[in-house]
Amino acid sequence: KIQRMYRSSRMKRVIKVLLGRKLSIAASLVQRVWREQVRWRAFVEVDVNNVYKQARVVKHEMQDVDPNATKEDQIAAREKRFTTIARFLENTGLLGRQIVFQQQRIEELGDFEAKISLKEAMNITKQQVLGLSSRNSDPREVEELLQQCKHREKTSLILSGYGEIIFRYPFGLRGEHGMIRLDTLWIDQNRILELPIDFFKLTNLTDVRLNANRIREINPEVRNLENLQLLWLHQNVLTALPSSIGLLTNLAQLSLDDNQIVAIPPQVANLTALQVLRLDRNPILSPPSEISRTIVRPPLGDWDISIVMRFLRTLCDMPGDSVIVKSFGMLNFPIVCQGAPLLREIDLTDNRISEMPKYLYGLEFLRTLILDDNRLERLSNHIQAITSLTVLSIQRNRIKQSGFPKGELATLTGLTSLLLMNNPLMSPPPEILIQDAQVMMRYLRETHAVATGSKTLTLQTFRLKTLPLADVTQALRTIKLEDNMLASVPPALLTLHKLSELSLANNLISTLPSGLHKLKRLRKLDVSSNSLTA
């Protein structure tokens with residue numbers, strides 16, 4: 001009867017006759033399998049008596065799905081029916097051994113589809129590809145399939161959408177299963193929570209796809225997969241990657257989209273063969289978004305990850321107590337600064353940083369802070385908390401007078417270099433900014449004292465060419481400006497109606513302003529050693 005049906009090419013009726021109408025899904029499944037991959041003669045060669053025997057067993061195990069049962073019970077019943085059918089196909093030899101079956105998120109029995117259209121992707125004619133027919137297969141049956149890898153030089157295993165069951169088997173054991181020969185392993189679209197340690201013994205792997213699972217972390221033993229060229233980890237729940245991933249020097253593609261990764265380890269810069277790096281839809285702070293957005297991908301052009309890799313290389317090469325990241329256009333301090341309380345040096349020259357983070361003021365060992373060529377508009381009063389600071393350079397920024405904490409800077413007695421040039425500051429004036437840190441610190445202390453209520457301003461031997469209006473207050477009684485380079489009496493002095501003593505000796509003043517008579521309380525005026533002509 002089988003042969004008659006075979007000659008008339010009516011596969012579906014053959015299976016219906018054997019198993020009854022309740023198993024029509026098996027007919028559809030086998031029909032699709034034979035139509036695409038298996039020749040008719042393969043069906044003729046099966047043991048007919050065994051087919052009848054297995055059919056009788058299966059018919060007794062089949063049960064109708066109760067429509068009044070709960071949804072969970074209905075799903076369980078459907079899955080049990082499917083398992084029974086799958087066992088029938090395997091036990092009768094109707095399941096082709098070189099056909100890939102892929103289950104895609106089965107919720108109901110009818111959603112199952114046997115997919116064998118992977119011939120183009122996997123080139124089945126050159127590689128031996130094994131497949132499982134059910135995510136609920138008996139582990140013993142699966143182990144029998146895995147044993148077929150023993151005598152194959154090149155093996156691929158596709159286990160997409162089968163759940164946690166696939167990791168009940170010892171993938172990495174050399175003696176029992178010989179799975180060490182695997183070079184391609186697709187275990188995507190499952191519910192895998194973690195990878196067993198034996199997985200990392202598959203040292204011949206070149207193509208691994210772990211996407212669409214529930215993996216939370218990758219074991220540092222991933223460094224053993226030194227032949228790996230493609231690694232897909234997108235659509236998981238990863239929060240970090242091990243630094244040992246940087247040892248996979250043959251890796252060409254790394255997909256990390258749709259995870260919870262905060263920082264890419266700098267050691268990724270050691271992946272010299274890497275051409276494709278996907279980071280979309282992650283809360284990544286390192287590299288920051290302004291850098292990760294520089295990745296060029298098709299169709300905009302060929303893959304270009306050079307800027308991201310250069311950033312990671314910069315982090316990788318840094319000494320342990322320094323953060324030196326220049327010319328990357330960063331908007332904020334790199335996250336590596338936050339987790340390093342022992343930092344001694346930070347150099348973020350030529351970026352787009354507009355504000356200092358609060359944690360910066362808790363770095364008690366910080367000695368050097370260089371923020372030249374950024375977009376800072378103010379310095380926080382908390383700068384005084386970094387008492388170990390010896391070098392502070394904030395040149396070519398946008399710091400305004402209202403955001404310049406003179407008094408707090410003046411308390412940093414350990415400063416040996418203070419560079420503030422090319423900022424829109426009125427005080428200190430340019431002739432002070434070009435002098436050494438000791439002169440600047442003395443100027444800041446004197447002018448801050450006036451701002452906090454002192455009635456005396458003493459700015460002797462500062463080489464001043466002018467006196468900023470920001471450095472004087474109406475409460476001043478005494479001003480001493482000897483030994484400077486003033487070419488005239490600063491106009492700001494002519495408004496101080498309470499001024500009683502003014503010393504301008506040893507400057508370059510040639511004339512006295514007519515407005516001096518407005519200083520009604522002035523009792524002492526010293527303009528000796530000047531160049532007065534009138």
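Reply: What follows is a discussion of the sheets, some individual residues, the cysteines and the nonpolar core.

Me: Fine. What should I know about the model and the numbering?

Reply: This is a predicted model, in which local features need pLDDT of at least 70, side-chain atom pairs count only at pLDDT 80 or more, and totals for chains, interfaces and linings use all residues. Residues are numbered from 1 along each chain as its sequence is written, and side-chain values use heavy atoms, with hydrogens and water left out.

Me: What is the strand order in the sheet of 5 strands?

Reply: The order is β8-β9-β10-β11-β12, in an open sheet with parallel pairing. Strands here are DSSP runs (E, at least two residues), as are helices (H or I, at least four), and both are numbered from the N terminus. Two strands pair if DSSP finds at least two bridges between them.

Me: Which are the edge strands?

Reply: They are β8 (322–324) and β12 (417–419), each of which pairs on one side only. From one strand to the next, the twist averages 5°. Such angles are taken between N-to-C directions and run from 0 to 180 degrees, with axes as lines fitted to C-alpha atoms, for helices over the stretch in contact.

Me: How many bridges join β8 and β9?

Reply: There are 3 bridges between β8 and β9 (residues 345–347), in the parallel sense. Valine 323 stands opposite isoleucine 346 of β9.

Me: And what is the order in the sheet of 4 strands?

Reply: That open sheet runs β13-β14-β15-β16, with parallel pairing. β13 (456–458) and β16 (524–526) are at its edges; each has a single partner strand, so one side of each is left without a neighbour in the sheet. The twist averages 5° from one strand to the next. β13 pairs with β14 (residues 478–480) over 3 bridges in the parallel sense, and threonine 456 stands opposite threonine 478 in β14.

Me: Change of topic: where is aspartate 207, and is it buried or exposed?

Reply: Aspartate 207 is in strand β4 (residues 207–209). It counts as buried because its relative accessibility is 13%; buried means under 20% relative accessible area, exposed over 50% and partly exposed in between, with a 1.4 Å probe and protein chains only.

Me: What is aspartate 207 in contact with?

Reply: Leaving aside neighbours within four places in sequence, aspartate 207 is in contact with Asp183, Thr184, Leu185, Trp186, Leu228 and Leu230. Contact means heavy atoms within 4.5 Å. Aspartate 207 is also the bridge partner, in β4, of threonine 184. β3 and β4 pair in the parallel sense over 3 bridges, and 5 of the 5 residues of β3 are buried.

Me: What about phi at aspartate 350 and aspartate 483?

Reply: Aspartate 350 has a positive phi near 60° although it is a residue other than glycine. It is in the loop between β9 and β10 (368–370) and counts as partly exposed, at 38% relative accessibility. Aspartate 483 has a positive phi of about 55° and is not a glycine. Its place is the loop between β14 and β15 (501–503), and it is partly exposed, with a relative accessible area of 33%.

Me: How many disulfides are there?

Reply: A search of the whole structure finds 0 disulfides, a disulfide being a pair of cysteine sulfur atoms within 2.5 Å. Cysteine 316 is partly exposed at 26% relative accessibility, whereas cysteine 337 is buried at 0%.

Me: Finally, which residues touch the most other members of the largest nonpolar core?

Reply: Phe199 and Ile346 do, in a core of 108 residues. A nonpolar core is a set of buried Ala, Val, Leu, Ile, Met, Phe, Trp, Tyr and Cys residues joined through side-chain atoms within 4.5 Å. Elements giving two or more residues to this core include β3 (182–186), α11 (306–317) and α12 (406–410), while α14 gives the most, with 7 residues.

Me: What does isoleucine 346 touch?

Reply: Not counting residues up to four places away in sequence, isoleucine 346 touches Val323, Phe333, Cys337, Leu360, Leu363, Leu366, Thr368, Leu369 and Ile370.
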